[in-house]
Amino acid sequence: MPDQFRTAIADILPSAEAVHERLAVLSNRDRLNVAEFFSGVLPDVDVLISTPGAEALSHDLGALRGIPSVKATSLAGHWTLVGSALHHAGDIRAARGPVQAAVISLELLAGQAEVAATVLATRRDWEVVAVAAAVERTDAAGHMLLSLLGVPVLTPVMLAGTPRGLVFERRIPHSA
């Protein structure tokens, strides 16, 4: 299934702007392909945390997995988690030990929203076991910041910036 999504991204390369615009209006088919990919590769989690723009993807993945989703949002410069699952006791149940969470993102760039979501989860004593990004830009700082926090990144599409624009990442064996 990620092959169809990779093809949709390949059609608009090398433009970073076109990739960003495509991700902002993902078709239902592409969003479901990505959600199915994540459903297969994510470890068992108890809750999903969507970053801004990834709410629909997080909802689709939550429906596939049968788990709730909350949203990380920035209000007046301060990050917070919102969602009905936070207010209904029992909606977020840990299957074992602490609550396990995954952060869902459309495009991992600088990593600010993903790191903020990870920090907010940690404040709730949740353990973030992965960040799932539809597209990861390997020339941006996001992956490095998350690796410093010990959080792995899962993605069906890795892109690298070049002087001629974006290309599929070829330096990492599993990404080509």
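Me: Is Arg-96 buried, partly exposed or exposed?
Reply: Partly exposed. This is a predicted model, and in it Arg-96 has a relative accessible area of 35%.

Me: Which residue does Arg-96 form a salt bridge with?
Reply: Asp-46. The closest N and O atoms are 3.6 Å apart. Arg-96 lies in the loop between β3 (78-82) and β4, and Asp-46 in the loop between α3 (28-41) and β1 (47-50), so the pair ties together parts that are 50 residues apart in sequence.

Me: And is Asp-46 buried or exposed?
Reply: Buried, at 5% relative accessible area.

Me: How many salt bridges does the structure hold?
Reply: Five. Among them is Asp-30 with Arg-29, where the closest N and O atoms are 3.6 Å apart. Asp-30 is buried, at 3%.

Me: What about Arg-171, which partner does its side chain meet in a salt bridge?
Reply: Glu-169, at 2.7 Å from N to O. Arg-171 is exposed, with a relative accessible area of 63%. Glu-169 is buried, at 2%.

Me: Now Glu-136. Where is it?
Reply: In strand β5, residues 127-137.

Me: What is the nearest side chain of opposite charge to Glu-136?
Reply: Arg-171, 9.0 Å away. Glu-136 is buried and has no salt bridge.

Me: What does Glu-136 touch, then?
Reply: Leaving out residues up to four places away in sequence, it touches Leu-108, His-143, Val-153, Thr-155, Val-157, Met-158 and Leu-159.

Me: Let's do strands. How does β5 run relative to β7?
Reply: Parallel. Three bridges join β5 to β7, which spans residues 157-162. Arg-137 stands opposite Leu-159 in β7.

Me: And β7 with β8, parallel or antiparallel?
Reply: Antiparallel, over four bridges, with β8 at residues 165-168. A hairpin joins the two strands through two residues. Leu-159 has Phe-168 as its bridge partner in β8.

Me: Which charged end sits over the ring of Phe-168?
Reply: That of Arg-6, 4.2 Å from the ring centre.

Me: Last one, Ala-110. Where is it found?
Reply: In the loop between β4 (100-108) and α5 (112-123). Ala-110 counts as partly exposed, at 36% relative accessibility.

Me: Which residues is Ala-110 in contact with?
Reply: Ala-140, Ala-141, Gly-142 and Leu-145, leaving aside neighbours within four places in sequence.

Notes: Residues numbered from 1 in each chain as written. Predicted model: local features only at pLDDT ≥ 70, side-chain atom pairs only at ≥ 80, totals over all residues. Heavy atoms only, no water. Buried < 20%, exposed > 50% of the residue type's maximum accessible area, 1.4 Å probe, protein only. Contact = heavy atoms within 4.5 Å. Lys NZ or Arg CZ within 6 Å of the ring centre and 35° of its normal. Lys, Arg positive; Asp, Glu negative; His and termini not counted. Salt bridge = Lys/Arg side-chain N within 4 Å of Asp/Glu carboxyl O. Pairing = 2+ DSSP bridges.
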